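Morning, everyone. Let me put the model up, and then we'll go through its charged pairs and its core.

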Amino acid sequence: QVQLVESGGGLVQAGGSLRLSCTASGSIFSIDTMGWYRQAPGTQRELVATITSGGVTNFADAVKGRFTISRDNAKKTVNLQMNSLKPEDTAVYYCAAEVVATSRARFNSWGQGTQVTVSS
């Protein structure tokens, strides 16, 4: 069993910053790509940023230049630094991980989500 626990969401004014963190725990052998997705009310969940175990990153066009993603493989954590936040960044943010379990089964694991609200 694998759990992803997010923290760091909240309310911030436009132009401000927030840092989201996610820690994976459980029967984990390794983690391939980790990342963040978001879902605003009435919309589909969308990719925000991902990072491979080797540190290769990928960002949605909407957040390029404003968000950075980092991870600590040993601690099984991934962080999302969000700067210059805009009201359109308001959403529930989900952590995701491509997990290889100790059983060698592979699956995608998701966190419970953390709310980010940016006021104008």
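Start with D89 and R38. Their side chains meet in a salt bridge, 2.9 Å from N to O. By salt bridge I mean a side-chain nitrogen of Lys or Arg within 4 Å of a carboxyl oxygen of Asp or Glu. This pair links distant parts of the chain: D89 sits in the loop between β8 and β9, R38 in strand β4, and they are 51 residues apart. Strands here are DSSP runs of E, at least two residues, numbered from the N terminus.

A word on the ground rules. This is a predicted model, so local features need pLDDT of at least 70 and side-chain atom pairs count only at pLDDT 80 or more, while totals for chains, interfaces and linings use all residues. Residues are numbered from 1 along each chain as its sequence is written, and side-chain values use heavy atoms, with hydrogens and water left out.

Back to the pair. Is D89 buried or exposed? Buried, at 0% relative accessibility. R38 is buried too, at 7%. The cut-offs: buried is under 20% relative accessible area, exposed is over 50%, and partly exposed lies in between, with a 1.4 Å probe and protein chains only. R38 and D89 also belong to a network of salt bridges with E46 and R66.

How many salt bridges does the rule give? Five. Another one joins R106 and D32, with the closest N and O atoms 2.8 Å apart. It is also a link between distant parts of the chain: R106 is in strand β10, residues 106-110, D32 is in strand β4, and 74 residues separate them. R106 is exposed, at 62%. D32 is partly exposed, at 26%. Then there is K64 with D61, at 3.1 Å, N to O. Both K64 and D61 are exposed.

Now the core. A nonpolar core is a set of buried Ala, Val, Leu, Ile, Met, Phe, Trp, Tyr and Cys residues joined through side-chain atoms within 4.5 Å. The largest one has 30 residues, and W36, L80, M82 and Y93 touch the most other members. Several strands supply at least two residues each, among them β1 (2-7), β4 (28-39) and β8 (77-82). Which strand gives the most? That is β9, with five residues.

Last, look at L80. Contact means heavy atoms within 4.5 Å. Leaving aside residues up to four places away in sequence, L80 touches a set including L18, L20, W36, V48, F67, I69 and Y93. R19 and T68 are also among its contacts.

Methods
Helices (H or I, at least four residues) and strands (E, at least two) are DSSP runs, numbered from the N terminus.
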